[in-house]
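Let's take a walk through a protein model together. Have the sequence and the 3D view open, and we'll stop at a couple of spots along the way.

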Amino acid sequence: MKNLKKILLILILFVILLYVSNISSIPNNLILMQGEHLNVKTLLGLSISDINGETIEAVNSDDTKVSNKIGKVDLSVNLAGFSVKDLTLNVIPNTVVIPSGETIGLRLYTSGVLVVGMSEIQGQDNNNYTPYKNSGIKEGDMITRVDDEAVTCTSDLITKVNESNGNTVKITYVRDGSNYNTEILPTKTSDNEYKLGLWVRDAASGVGTISFYDPKTGEFGALGHGILDVDTEELIDIARGDIVTSKIVSIVKGEKGKPGELQGSIDNGKIIGEVYKNTNFGIYGKINNLEILKQDSDKVMEVKTRDEVKEGKASILCTLDDNKQEEYEIEIEKVYTSTNRSNKNMIIKVTDPRLLEKTGGIIQGMSGSPIIQDGKFVGAVTHVMVNNPEKGYGIFADTMLKQMKEVEEN
């Protein structure tokens, strides 16, 4: 009898844990396009309803739809008739965009200086020192202040450390969104400079592809994935950035086990626009010099929601030869409509012999190339499958559009 009670207790606790985990996994803020399915996974007995009883049906289903009402709506997660969580739904209007496919250069500047490495310092007495040793600072941390003064670039850090004249400096750094304070005693070198033993970086650059832009506002989305630091492999927290014109220098064809690459130059690039945010779902900002883009401003397209994307023929726009945008045939092989936290929403396969001949399929630098199906913008290329460069992944257009609108609101 005692064993049966223990088993029942364990089962009850397990069920409670399942429900708590399910409720916790539901985001506090949701963004949907007009008429899109809510598509939130809930356990039996849980439902999501409009507090005002107007916008969505209060049913326990992945097929819950929002109405044509635009704007913010307060929602409630209910269990057995009781509200267990409040959330906010923001319904954004259906819009038209201009798919781009133009290759651009990126220059991103961090919110401080990023620690990318550490090393011993040889002091003026020829002994080796590790001034950072007990500071708590690790690779991937962002140094934002020294002695309560803002640090915006590597030269700022060097200047402020040297101005210490060997006295302990107070350092503020950020890790996982939280601020920390520490102190480091700099080491004086034979060159009469003071150093912390930290390798830092304040900028990143590369080549990618603009996915689309809004012809009314000039806002754009690109890449379909975030830009990671090459040393820490973490998403770079940027303060600002620029997109500039680029010139394709060469194309490295992709092979099995060896991804190809678009090699471009951005040294003399003209500034096209500014970057606001670097996210896991792409970079976003505003185009300020539209005339520089080789873009037909009349080629506007509707955006397909994920519910409308289907397996079958499609195409991508990308820039390869002579910096000219062309359309190439692909096949959408799989569609994963329920993935909200990934930029791998579709599996695509390059079928166009012209593109296969030039690149071997999908290569680095093509990330962001817009995917077109039935004359509508449905998404963008994000990753290549290393073991089969003919195939890769794509992100839904509605995910990128929501991310752009979220950035706009912030």
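Is T319 buried or exposed, and why? Keep in mind that we're looking at a predicted model. T319 has a relative accessibility of 2%, and buried means under 20%, so T319 counts as buried.

Now let's see what is around T319. You'll find this residue in strand β23, which covers residues 312-319. Leaving aside residues up to four places away in sequence, T319 touches G101, E102, T103, I248, L262, K324 and Q325. Pick out G101 from that list: its backbone oxygen lies 2.7 Å from a polar atom of the T319 side chain.

The model has two cavities of 30 Å³ or more. Let's look at the second largest cavity, with a volume of about 30 Å³. Who lines it? The residues around the second largest cavity are T110, L114, R201, D202, A203, A204, D229 and I236.

The top contributor to the lining of the second largest cavity is β15, with four residues. To see this for yourself, find β15 in the 3D view and follow the strand along to the cavity.

Definitions and conventions:
Residues are numbered from 1 along each chain as its sequence is written. This is a predicted model: local features need pLDDT of at least 70, side-chain atom pairs count only at pLDDT 80 or more; totals for chains, interfaces and linings use all residues. Side-chain values use heavy atoms; hydrogens and water are left out. On a 1 Å grid over the protein atoms alone, a cavity is a set of points where a 1.4 Å probe fits but cannot get out, and a pocket is an open set with protein on both sides within 12 Å along at least five of seven lines; lining residues have an atom within 4 Å of a point. Grid points are joined across faces, edges and corners, and a volume is the space filled by probe spheres set on the points. Helices (H or I, at least four residues) and strands (E, at least two) are DSSP runs, numbered from the N terminus. Buried means under 20% relative accessible area, exposed over 50%, partly exposed in between (1.4 Å probe, protein chains only). A polar contact is a pair of N or O atoms within 3.5 Å; within protein, one must be able to donate a hydrogen and the other to accept it, and residues adjacent in sequence count only if both atoms are side-chain atoms. Contact means heavy atoms within 4.5 Å.
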